[in-house]
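Here is a short briefing on one protein model. Look over the sequence and the structure, then read on.

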Amino acid sequence: MIGDRQRIRRRDKEAAGWFTRLNDTSVPVDAIEAFDAWRSKPANDAAYRRMEDIARGASSLKSDPEIAALATQARQPASRDRPAPLAQRPPRYLTGLAFAGAIAVSAAVVIALPRSTYSTGVGEQTIARLDDGSAVRLNTDTRLRVRFTAGERRIELLQGEAFFDVAHDGARPFVVSAGDAQVRALGTRFDVRRDGHAVQVVLAQGKVRVTQARQDRAWTMTPGQALTLSPTQAPAAPASVDVAASTSWTSGRLSFDGVPLSQAVAEINRYSRRKIVLDADAPSQQRVTGAFKVGDSDSFIAAVGAIYGLEPKARWDGSVVLTPTGAPS
């Protein structure tokens, strides 16, 4: 019995630690992978869901000045000269903080004010847990803004890519805007990528409606479809796509299936500041098939070098040029 309570307490503390880390400004890819592995166990998943419930419940307390004061005290180290803050508070505040139970370390986290802007650097990923229970996984070099009102949940994707796991709320549609494109959903899972003015939407589950103001067009997508919008090309209808490959970055890997080498290089370059450059004589249209760990440029360079006879040559700016073997330096 005691052993069971200790295991529950340990899982709760681990869940609180993960919740804190994943709500940081940026989280490295290996941490995301470690979290996914930890949460794959049912007991850990249940503990993390409790942590999310705590955060949602505590959001109603964040405007209370005395609760905020308790959060401030929780961040400060204990002092022998200062009496325990909880002992001085009326029972209703004990009830409010009891959301955390034995997870005392999480007190400052669950009642912190939610951020309205989230971002990642090159090679970083993070998971944002929103007040409505939705989760947003930000890919490399991504920035987005969150604005919730009584009638709408709106996300503005300023740059990069994000995967949305939307909590159902029939009274408040979930809208993602990217440039002049808007993706509207009630409860679903989908990926939006913005490269300048070009936008791609991949639908994994549920149903979304995409509108484009410039073209005055609208499309309703079903699972397994992708839609690409660009101001320089005529709008195309949604097309079937391999969702697992298109969203493989969410599992820490990049999957290519017959992709031109130049396109594969561009994708690998998104995750590293050390860029790969194809020599003018390199077979840029040769097809690449394979899976590579996000951020592992060396494995990609070695693989395509062996297959296509390309030699990596370092340049003064830190980039690597893939040159046909035997070509002059």
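What does the accessible surface of the protein chain come to, and what share belongs to carbon and sulfur atoms? The surface comes to about 16,900 Å², and 51% of that belongs to carbon and sulfur atoms. Accessible areas come from the Shrake-Rupley method with a 1.4 Å probe; for residues, only the protein chains shown count as cover.

This is a predicted model: local features need pLDDT of at least 70, side-chain atom pairs count only at pLDDT 80 or more, and totals for chains, interfaces and linings use all residues. Residues are numbered from 1 along each chain as its sequence is written, and side-chain values use heavy atoms, leaving out hydrogens and water.

**Overall build**
- The protein chain has nine helices and 19 strands. These are DSSP runs numbered from the N terminus: helices are H or I with at least four residues, strands E with at least two.
- Of its 329 residues, 42% count as buried. Buried means under 20% relative accessible area, exposed over 50%, and partly exposed in between (1.4 Å probe, protein chains only).

**Salt bridges**
- The whole structure holds twelve salt bridges. Each is a side-chain nitrogen of Lys or Arg within 4 Å of a carboxyl oxygen of Asp or Glu.
- R39 and D45 form one, at 2.7 Å from N to O. R39 is buried, with a relative accessible area of 16%.
- E156 pairs with R145, with the closest N and O atoms 2.8 Å apart. E156 lies in strand β6 (residues 153–165) and R145 in strand β5 (residues 143–148).
- R315 and D317 meet at 3.7 Å, N to O. R315 is partly exposed at 40%, and D317 is partly exposed at 42%.
- Shared partners join E161, R193, D195, E267 and R270 into one network of salt bridges.
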